[in-house]
Structure formats: structure tokens, C-alpha cells
Amino acid sequence: MRRLAREVDPAGLTTLLERVWREYAQPAGTGLVLPGQTLPTTLYVIPIHNRPFFPAQVLPVIVNEEPWAETLDLVAKTPHHNLALFFMDTPPEDHRHFDTSALPLYGTLVKVHHASRENGKLQFVAQGLTRVRIRTWLKHHRPPYLVEVEYPHQPSQPTDEVKAYGMALINAIKELLPLNPLYSEELKNYLNRFSPNDPSPLTDFAAALTTAPGGELQEVLDTVPILKRMEKVLPLLRKEVE
């Protein structure tokens with residue numbers, strides 16, 4: 001994904017990121033989904049490899065045109081332009097026929113921006129919105145895969161303990177940023193917009209910054225209760241600093 005980030009128009013990606021973080025700054029928000037916002041109950045699915053995609057991310061994604069072109073065409077026809085990304089640790093030999101039970105229950109609802117095709121590949125910018133959980137498979141024999149989903153509830157009023165963990169995460173991230181030249185100045189500016197009072201996107205952002213194995217990051221994505229999630233992410237972040 002880092003390689004792909006250099007292939008996307010920097011001005012367009014920066015504009016998207018700026019809008020994303022303005023939405024994060026909304027009062028009483030829980031990530032990018034605002035109170036009262038209607039979310040789709042059925043979603044098309046694309047599996048991704050290497051590492052899970054988190055709600056706090058805005059990144060380019062690249063997939064093979066075959067078999068995912070039809071999926072993205074259908075997503076483009078929806079009013080919301082949303083799909084679900086699910087982490088798959090071991091890529092199947094054939095995405096047209098694979099055991100869908102190999103996917104975890106939890107993934108990320110993303111909004112698709114700037115989809116394009118070139119040389120047999122599809123590229124789009126995925127804007128992570130919120131966690132999503134599979135309730136049932138509606139179409140699982142071959143792409144386009146379709147699922148019925150639900151959205152885990154997260155309380156909007158953090159406790160003092162959660163706020164303390166939030167400050168610890170922010171401090172650890174501030175230690176990490178100067179140590180890696182891959183982290184841009186824009187990323188440092190976005191960090192200043194995070195608040196311990198809105199801990200869910202902060203925690204997911206912290207997890208996404210680490211180079212932890214995909215399986216450990218999926219455990220973070222699977223963990224809905226915010227305090228338990230923070231307890232998983234803070235050691236990963238401190239290990240990254242060390």
C-alpha cells in the first residue's frame with residue numbers, strides 16, 4: 001500500500017484526507033460515522049491481504065480486474081458507494097472460488113473514491129468508515145460476493161480510564177512519528193486533530209501505524225469494546241517505538 005500511495009495523485013489524496021479529519025472532529029462522533037447516519041445493511045465484499053484495513057485509514061487499494069471488476073461496477077451503482085474489506089491471511093489460488101468461511105467476521109466499511117483501471121488492475125482510494133460484522137452470506141459461491149451486515153455499537157462517552165489510555169496512545173504516537181521518515185508532515189498534523197474524547201478512531205489509527213502481523217491487527221479489529229481494544233493496541237505501539 002505504501003507503493004500505491006505514491007501512484008495516487010497527491011493533491012487528490014490530500015483533499016480526501018483533509019475532509020476525513022474534518023469529519024473526525026465532529027462532536028460526539030464515533031469515527032467517520034455520525035450519529036443518526038443510515039448505513040447499508042447489505043454490502044459487496046472484497047478480501048484483502050497483507051494486513052487488515054482499519055476505519056481510521058484512507059489509502060489506495062489495488063486488486064486484479066478479474067474477478068473484481070463486476071463488484072466495483074455494482075458498488076459504483078449504489079447511492080452510497082460503499083463496500084466491505086475483509087482481511088484474508090492466506091490468498092486463495094482462485095478468488096472466483098474460495099471458502100468464504102476463511103474470512104473473519106469483522107471487517108471495515110469503506111467508501112470507494114477515484115476507481116480506475118489499468119493493465120488488468122483496478123485501483124481505488126478506500127476511505128475507512130466503521131467496523132462491520134457479517135451476519136449472513138447472501139452470495140458466496142463466486143464474485144460478486146454479497147453479505148448482510150451489522151454495525152457494532154460503541155458508547156460515545158469514554159470513562160476516565162479510557163481517556164487516560166487515549167493520552168498514552170497519543171504520546172506513544174508522537175514518539176513514533178519522528179523515528180520513521182515514511183510518516184509525512186501531513187500525518188503529524190492530522191494527529192493533532194485526534195482527541196482522547198473520541199477514542200475509537202484514535203485507537204484504530206494507532207494500530208494502523210504499527211508493523212504488527214496481520215493476525216494481531218485482525219485481533220484489534222475484532223475487538224469492539226474500546227478499553228479492551230486500547231489494551232491490545234498500546235503494547236503494539238510501544239513495541240513499535242522500541
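Guide: Of the 242 residues of the protein chain, 50% count as buried, a word that here means under 20% relative accessible area, with over 50% called exposed and the range in between partly exposed (1.4 Å probe, protein chains only). This is a predicted model, in which local features need pLDDT of at least 70 and side-chain atom pairs count only at pLDDT 80 or more, while totals for chains, interfaces and linings use all residues. Residues are numbered from 1 along each chain as its sequence is written, and side-chain values use heavy atoms, with hydrogens and water left out.

The protein chain has eight helices and six strands, which are DSSP runs numbered from the N terminus (helices H or I of at least four residues, strands E of at least two). Read from the N terminus on, their order is α-α-β-β-α-β-β-β-β-α-α-α-α-α. Among contacts (heavy atoms within 4.5 Å) between residues at least 6 apart in sequence, 74% join residues at least 24 apart.

The part to look at closely is helix H8, residues 226–241. At 1.5 Å a residue, its 16 residues should span 22 Å, and this agrees with its end C-alpha atoms, which are 22 Å apart; the expected span is 1.5 Å times one less than the number of residues. The buried residues of H8 are Ile226, Arg229, Met230, Val233, Leu234, Leu236 and Leu237, and what covers them includes strand S5 (121–139), helix H4 (160–176), helix H6 (199–209) and helix H7.

Take H4 among these covering elements: the axes of H4 and H8, lines fitted to C-alpha atoms over the stretch in contact, with angles from 0 to 180 degrees between N-to-C directions, come within 10 Å and cross at roughly 20 degrees. That makes H4 roughly parallel to H8, since angles under 35 degrees count as roughly parallel, over 145 as roughly antiparallel, 65 to 115 as roughly perpendicular and the rest as oblique. On the H4 side the contact is made by residues including Tyr165, Leu169, Ala172, Ile173 and Leu176, and on the H8 side by residues including Ile226, Met230, Val233, Leu234 and Leu237. Sorted by kind, the residues of this contact of H4 with H8 are 14 nonpolar, one polar and five charged (Ala, Val, Leu, Ile, Met, Phe, Trp, Tyr, Cys and Pro are nonpolar, Asp, Glu, Lys and Arg charged, the others, Gly among them, polar).

Helix H7, residues 214–222, packs against H8 at an angle of about 150 degrees, with the two axes 9 Å apart, and H7 and H8 are therefore roughly antiparallel to each other. Here Glu216, Leu217, Glu219 and Val220 of H7 meet Arg229, Lys232, Val233 and Leu236 of H8, and the residues of this contact divide into four nonpolar, no polar and four charged.

The loop between H7 and H8 holds threonine 223, which is buried, with a relative accessible area of 10%. Leaving aside neighbours within four places in sequence, threonine 223 is in contact with Lys228, Arg229 and Lys232, and also with Arg131.
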